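Here is a briefing on one protein chain. It opens with a question, then moves from the overall fold to single elements.

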Amino acid sequence: MGLVSAKGMLDKAFKEGYAVGHFNINNLEWTKAILLTAQEMNSPVILGVSEGAAKYMTGYIVVADMVKAMVDSLNITVPVALHLDHGSYEGALKAIEAGFSSVMFDGSHYSIEENIKLTKEMVERTRKLGISLEAEVGAIGGEEDGVVGGGEVADPKECKMIADLGVDFLAAGIGNIHGKYPENWQGLNFEVLDAVNKITNETPLVLHGGTGIPVDMIKKAISMGVSKINVNTECQLVFAEATRKYIEAGKDLMGKGFDPRKLLAPGTDAIKQVVKEKMELFGSVNKA
Ligand SMILES: [Zn+2]
């Protein structure tokens, strides 16, 4: 089937009241685990790649070519979008050129005027190529590739200004945080989410920092227009935990347990389990 824009899958999710999972990838194992699970669950899926992860995998072209080839070789038939996560303007252009089917241009750290100007340019570029575009208003808390925020909340009026440019889906801070949530976290700000949803003319909304948000808050957010939920940290945590257990049990010292295909298998299976649980929670199972 190849890669598809995320616009169709998210418009459908918005209308039907579920969310599509965006799962960040770091390497071949991550990609394989997520693609196989999406196929098994008959769910659409978005593979997210941060600029840091793209650099780690030696570039956007390598990532795009690996994902496209893997979709073909695994006979994946569910819709798959390859999406740049938190892209800079330059990064977005490079990802588009390399063959990504979706990009996020994150202009949230600019003034609203500059964010509007650059997002508008990016709408024009992506639209004629049929590539979906995510924009962001207001910083989302936590750390993403070295950028730290504090559980910030977006201004609904600014959200409307960015949504009106014609972006396909919009990330707005509603008290969500990247990484692990602190003990004293106040929870999602549903008042702001409701205001943003009402004012942005049916633009699907994106919830970043999906790891550790309680199930009832996730469900409520989906009922209020959140159609894409980003999951990154949780896959990292379970991968590390499963790998640590394997080594602590001394399994790498038994037989050919040191073989990377064996060593990385428990972590890969743990990612599959998280992806499956998220797809069930988000309601995207059998929505391919
Ligand atoms: Zn994010």
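Which residues does Thr268 touch, not counting residues up to four places away in sequence? Thr268 touches Glu29 and Ala33; contact means that the C-beta atoms of two residues, placed from the backbone, lie within 7 Å. The model is predicted: local features need pLDDT of at least 70, side-chain atom pairs count only at pLDDT 80 or more, and totals for chains, interfaces and linings use all residues. Residues are numbered from 1 along each chain as its sequence is written.

**Overall fold**
- The protein chain holds 12 helices and 11 strands. Both are DSSP runs numbered from the N terminus (helices: H or I, at least four residues; strands: E, at least two).
- Along the principal axes, the C-alpha atoms fill a box of roughly 60 × 45 × 35 Å.
- Of the 288 residues, 47% are buried. A residue is buried if 20 or more other C-beta atoms, placed from the backbone, lie within 10 Å of its own, exposed if 12 or fewer, and partly exposed in between.
- Among contacts with a separation of 6 or more, 71% join residues 24 or more positions apart.

**Thr268 in helix 12**
- Thr268 belongs to helix 12 (residues 265–282).
- Thr268 counts as buried because it has 20 C-beta neighbours inside 10 Å.
- Lys32 lies 236 residues from Thr268 along the chain, yet their C-alpha atoms are separated by 8.4 Å.

**Helix 5**
- Gly91, Ala92, Ala95 and Ile96 are the buried residues of helix 5 (residues 89–98).
- Seen down the helix axis, these buried residues fall within an arc of 135 degrees, so they line one face of helix 5. The arc is that of the directions from the helix axis to the C-beta atoms.
- Glu90 and Glu97 are exposed on the other side of helix 5.
- Packing partners of the buried residues are helix 3 (51–56), helix 4 (60–73), strand 3 (80–87), strand 4 (102–105) and helix 6 (112–129).
- Gly99 follows helix 5 and has a positive phi, near 115 degrees.

**Helix 10**
- Helix 10 (residues 233–248) has 16 residues and should span 22 Å at 1.5 Å a residue; its end C-alpha atoms are 22 Å apart, which agrees. The expected span is 1.5 Å times one less than the number of residues.
- Just after helix 10, Gly250 has a positive phi of about 75 degrees.
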